[in-house]
Every structure is written in C-alpha cells, then in structure tokens.
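Visitor: Please take a close look at one part for me: the pocket linings. Cut-offs included, please.

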Amino acid sequence: MIICDVDETICTSCQIIHPDMASTINQLIQKGYTFAFISGTKESYLKEMISASLNHNHFLLPTTGTKCIQINQDTKTDHYKHSLTNEEKTKIINALNQLTNHYNIQSLTTKEDQIQNRGSQITLSAIGRHAPKELKEQHDPDTTKRQLWVKYLKTILDENNWEINIAGTTSIDITKKGFDKGWGIKQFATNQNIQLNQILFFGDKTKPGGNDYPATKVVDFIEVKNPNETLEHFKNLLNQN
C-alpha cells in the first residue's frame, strides 16, 4: 500500500500529474500495489490533477484525509466524510482574514481563491491557488513567511482545538485538532482493513511543522524533494518486480 502526498510529491503544486508519473503509477497498480493520495487539496481538484490520468482503481483522501473516495474508472464510491460546522468555518475564515490584513497578504487572483472553504478544512493560498506557478514557487520557498504566519494564527486560534500546518508552495491548512495526515492515514487504514505496517508514505514536507510530518509518526515513509525524485523511487519499485 502506497500513500502519497500530492503537491511537490506526485506533481508540481496545483498542476496535472505528468504523463510519465501517471504511466508508472498505472503500471505499479497493475503489479498489485494499491495507491491512495492524501492532500489538503479538495476532491474536485484531485480528480482533475490525478484521477483523470489514472486508468485503475485508486483512492483519494482530500482535505487532509477527512474524506475518502474510491475511484475505479468511471465509478466513484464515497467511504466517509468529516466536515466542519458553519460556526467552525466562520471562526477560521475570520482568523485568516485577520492574518492577511495584518501582514498585507495580497491575492493575485481573488479573495475566494486565497481563503478557500473546503468543507472539512480551510486553506490559505497566500497569493491565490491559481496564481502563476512560477510566482508561487518564488513566494515562500523556505517557508519562513508561513512559519511566522502560523505563530500569529496561534495567537488567534487555540492550538488545542486546531491543526495549523504549512502545505504546498504557499499554503496553510487548518483542520480540527487531531485531523492531520497521521489521523487521515489511520482512518483510511481502519476503513479499508489495512495494517499500518503495510503502508509506505511519500511526502515532501516531513519535518516538524510540515503537513506531512504527522504521517511519519504512524507509518514508514520516504522523504522526497520533488516529483522527479518520487518517480525515481517508483521506477525502482517497478524494476524490483
């Protein structure tokens, strides 16, 4: 069982999976591997970025694993979903508006594209999710800005109640306390009757403070720097079979 982060692990942030990556994953699935993709990204984007390029059964775990969808060609099965209440969503959105005002964080697209209500998660995409890829990559490459923003958010949102994690190239994901990728993987494993020691996780933000870090506490993992590195690992797996 292979579970992967998406942005900067399987594909460039917010971009469609590369044909070579899709082909290799399809071959691994045919060899008997099961794949799941866990991300702060919402379901519709994951379908566009990944599922549209895969020909075989796989799982999507959007919004940090608070949902589970099984995709098999043209069929979709929803296994579970954990949503925020309207009151919780409003509290987080207000905090993010306060943050963007305080640091004058300007979206290059729209406000809705900057602060995104994803149902079970609220995400800040600093300059807009659909801002030019090159500008997003340049905005906060070492996460220094977002580390400062997370500290500020924790003065507004009680960290005993919320998970506030750095994600993607410009994002901060906020979910309910305990709803991180470690929880998402355990929830998925229980739902699918899979043992945690059968799972290998791939992610790029596996250091403390990164949204992949909680996954490293529950399953074996491989840290990667970019999708090309992930692809090399996958091709090595193919050659071993």
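**Pocket linings**

Guide: α1 (19-30) and α10 (227-240) each supply at least two residues of the second largest pocket's lining. Helices here are DSSP runs of H or I with at least four residues, strands are E runs of at least two, and both are numbered from the N terminus. The model is predicted, so local features need pLDDT of at least 70 and side-chain atom pairs pLDDT 80 or more, while totals for chains, interfaces and linings use all residues. Numbering starts from 1 along each chain as its sequence is written, and side-chain values use heavy atoms, without hydrogens or water.

The largest share of this lining, three residues, is from α10. Ile10, Cys11, Thr12, Gln15, Ile16, His18, Asp20, Met21, Asn226, Pro227, Asn228 and Leu231 line the pocket. They split into six nonpolar, five polar and one charged. Nonpolar means Ala, Val, Leu, Ile, Met, Phe, Trp, Tyr, Cys and Pro; charged means Asp, Glu, Lys and Arg; the others, including Gly, are polar.

The volume is about 160 Å³. A pocket is an open set of points on a 1 Å grid over the protein atoms alone, where a 1.4 Å probe fits, with protein on both sides within 12 Å along at least five of seven lines; lining residues have an atom within 4 Å of a point. Points join across faces, edges and corners, and probe spheres set on them fill the volume.

Now the largest pocket: about 630 Å³. Of its 31 lining residues, Thr143, Ile166, Lys205, Gly209 and Gly210 are closest to the centre. α7 (144-153) and β8 (162-167) are the elements that give two or more residues. β8 has the largest share, five residues. This lining holds seven nonpolar, eight polar and 16 charged residues.
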